Amino acid sequence: MLLGIDSGQSALKVVVFDEDGLELVTARRPTQTIQPRAHQVERDADGVIDQLLDAIAQAVAAVPGGGHAITGVGIAAHGDGMYFVGRNGRPTRNAILALDTRAEPILQQWASDGTLAKTRQSTGQEPFAASLAPLLAWLARHERAMLDDTQWLLYCKDWLRFSLTGEIATDFVEVNSSVGALDGKSYSSAALAEYGLSEFERLLPSPLPATAIAGGILPAIAARTGLHPGTPVAVGTHDVVAAALGAGATKVGDYSILAGTYSVNQYIAAERVVNPHWQARPWIDGRSWVNMAASPASATNFEWFLRNLMIDTPDAIAAANEEVAALGNDDEVPVYHPFLYGSPFGATASGSFLGLRGWHTRAHLIKAVWEGVVHNHRTHMDWLLEGATPRQVVNLAGGAARSSLWAQMFADGLNARIEVARATEPGALGAAMLAGIGTGMFTDAGQATTAWSRVDRTFTPARSAAARWDLTHARYTTTLEPRPTDLEPARGATRMTATMNAVVYTALDTVQVTTVPVPSPGPGELLIRVEAAGLCHTDLDILAGRYAAQFPRVPGHEFAGTVVDTGPALSGRIGERVAIDPLIACSNCRNCRRGYPNLCTRAQAYGAERDGGFAEYAVVHSDNAVNAGALAAPVAALAEPFACAVNALNRASIPPRSRALIVGAGPMGMIISIVARSRGIDDLTLADRVPERLNVATRFGATNTTLVDGNLLDTLPAADYDLVIDATGRPSVVQEAVGLLADGGTLVPFGVCPPGNDLHLDPFEIYRRQLRIIGSFSLNRGIPDALHILNAAPFPVAELITTQFPLQQGIDALAAIGAPTTVKVQFDPTAPATQ
């Protein structure tokens, strides 16, 4: 038998498991908190040990064979916060819990003075108010004498284990909570120095694997609890990691949710991915990583509701489930913000009901609370998609998992199958598994979960629920960030309404021009007032399903505008005019590290996997918004296709004064001409079958034009061009283009050919004539170069834009793509519908 301990911020649980992982006995104690001042949440460190020992004694006494039958002890506990141990082994002050926000002003200071940006380079993440770094900085300012008397700064599970064994240690997961190095195995001395905390590194315990044995039960503890002296105790880990292990989410690609005091949302990844929306910590196996997006905003909201609004209701939890079930499909519920104790959007967000009406009952409020919690989890889970495979199955644990109605809401709200483990205490189960691995009962986490983790209940999303939840989540998201008021614009932002006009792809081959909520910028994001958005054939490919995208989707990947709002901890960019780089790369995969973010294995793009610019407003990450200077918005919106041309010319690497041919005088052919001329190519032929296009080609860089009638080789001189770029996307053109290359020439198939076509090449000819065929996909961080070309080009680049439409004529605009008399088609989202 194994004993698992899970000390959360709501309750402490001690569970004994038999050899099959079944719960034999559970002893529970409520977490007693102390709030000495506003924003401060503490607990008596000695008191939690008394609770722990009493609970162990209760559990051991109920087990056949008593303490001698228990072969190992594992510990999991809440993360972050801080426990203080003096030289005599006793606490030097109350412990601080992860719900504490006293250090929020220090975080704000670090955000404004650039400290967080610097430490992100050495840790890969940003702390929150109850993380070690800001808490330690606060204590250094206000309780320096106490720190001078302290020998160790511990996390909760390390304090519990020290009290049982006398051994000081921690695990790699908690080392990486705020001051861990990028390797995941050590503290970052550079980050501690940047925070001004180097002198306190001596107080931090050495890390070990979570499965390592760190001492045995002390004789005095054995006498009090009934455990056998020397019973091995594993190092243990953060409770949310243990809960994922206990719920069965253990391999790369697995998602899990812990809906308890904290909204904890996790995805196991093969590599570390740095992203401001989550923290990346080493997984149990020491090879993979767990991306953890969390906020103190989950099932504890329902506990608050029960404690304050149902205190006199017998069997309140059962009553709540009955009342919500009785509502049936009544969707007229208020919007609830579950931010009683904190949020993903900074300390100023608060809990609230919005849209409360006289006909609403207590049942409507309960349902609103449950849905608000699901929405917060979905916000985190959607952020995790930035570095993950699409979610299909999610393991759910925590208080919310005990309600079938609430679990079904998770399935519907996340549009994923929800699996709830058999274990009622997955955190304690995961802790016991760690002890099992450490004592040799299991070889690794995979064997442990195969043996002990079993799915008890499954919830499948209702087919009719997706559209409703997409709508309510958009409504919820719209209400999150403070909006400008009639009295004072928030942070200098432009006044706007809660909704906006947008072109929306609702499904394959289905377009609607409609009104949608104005999006809100999250951490690291900007809200852009879109002032110009270009259309291209890729937009048609997305609509037809030839390019990966999720519907509904606001398309548009070529856009520019003005920053009108920012997410938390960002400042200084409101009013800036920007062009958008639509590419979202992970920066960590092999392709990204080799300098090919456009080939990122986890790449996404605004306008495809994320909502884009065919709307009045769009949210983008700050790194994707490039200062456009004084360029007019329609010209700045050309930066994306110009950056694609920049990538093609960079890939070709052709010296100046080369002879070049561009086949296809459409928008991209003319743009490539301008970029090629900026590279010193002064003998440039543009060929096309449409005379109307060639009539204007010389205005955009072509020194010669050729009207093609028949095959290219019948019209153009063979073996004559140092560079041939196909801008048509026709396989037959690419095939013929090989014959047009001079010795040593380079062919760039730039146009998007349909997949599944073959080229017939003579390898000997390529060898003997030293021919090169170079691919060029999308853009490769070329927006700054593109903006420079647009500013300096001696050609009338603004005249490339031949047609502009208001958003309300979205269908007409899409139909205009590729017309013989048009070059670039753009939306002007600021234009009235009657234009």
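Which residues is Ser453 in contact with, leaving aside its neighbours within four places in sequence? Let's start there, and then walk around the rest of the model.

Ser453 is in contact with Leu245, Gly246, Ala247, Gly248, Met433 and Ala448, where contact means heavy atoms within 4.5 Å. Before going on, some housekeeping: this is a predicted model, where local features need pLDDT of at least 70 and side-chain atom pairs count only at pLDDT 80 or more, while totals for chains, interfaces and linings use all residues. Residues are numbered from 1 along each chain as its sequence is written, and side-chain values use heavy atoms, with hydrogens and water left out.

Back to Ser453, then. You'll find Ser453 in the loop between helix 16 (445-452) and strand 22 (455-459). When I say helix or strand, I mean DSSP runs numbered from the N terminus: H or I and at least four residues for helices, E and at least two for strands. Ser453 is buried, with a relative accessible area of 16%. Buried means under 20% relative accessible area, exposed means over 50%, and partly exposed is in between, using a 1.4 Å probe and protein chains only. A polar atom of the Ser453 side chain also lies 3.4 Å from the backbone oxygen of Leu245.

Ala401 sits in the loop between strand 20 (393-397) and helix 14 (404-414), and is buried at a relative accessible area of 4%. Not counting residues up to four places away in sequence, Ala401 touches Leu396, Val420 and Arg457. Asn321 counts as buried at 19% relative accessibility, and, with residues up to four places away in sequence not counted, touches Trp370, Ser403 and Leu405.

Now the charged pairs. How many salt bridges does the structure hold? The count is 42, a salt bridge being a side-chain nitrogen of Lys or Arg within 4 Å of a carboxyl oxygen of Asp or Glu.

Here's one of them: Glu143 with Arg93, with the closest N and O atoms 2.8 Å apart. That pair links distant parts of the chain, 50 residues apart. Glu143 is in the loop between helix 4 (132-142) and helix 5 (144-148), and Arg93 is in the loop between strand 6 (83-86) and strand 7 (95-96). Arg93 is buried, with a relative accessible area of 15%.

Glu371 counts as buried at 5% relative accessibility, and so does Arg468 at 18%.

For a local example, take Asp158 and Arg161, whose side chains meet in a salt bridge at 3.0 Å, N to O. Both lie in helix 6 (residues 156-165), three residues apart, about one turn of the helix. An α-helix has 3.6 residues a turn, so residues three or four places apart point the same way. Asp158 is buried at 1% relative accessibility, and Arg161 is buried with a relative accessible area of 0%.

Next, helix 21 (residues 639-652). Is helix 21 largely enclosed or largely open? Twelve of its 14 residues are buried, so helix 21 is largely enclosed by the rest of the structure. Among the buried ones are Phe642, Cys644 and Leu649. Just after helix 21, Ser653 takes a positive phi of about 50°.

Strand 32 (residues 659-663) and strand 33 (residues 683-688) run parallel, joined by five bridges. Across that pairing, Ile662 stands opposite Leu686 in strand 33.

Definitions and conventions:
Two strands pair if DSSP finds at least two bridges between them. A polar contact is a pair of N or O atoms within 3.5 Å; within protein, one must be able to donate a hydrogen and the other to accept it, and residues adjacent in sequence count only if both atoms are side-chain atoms.
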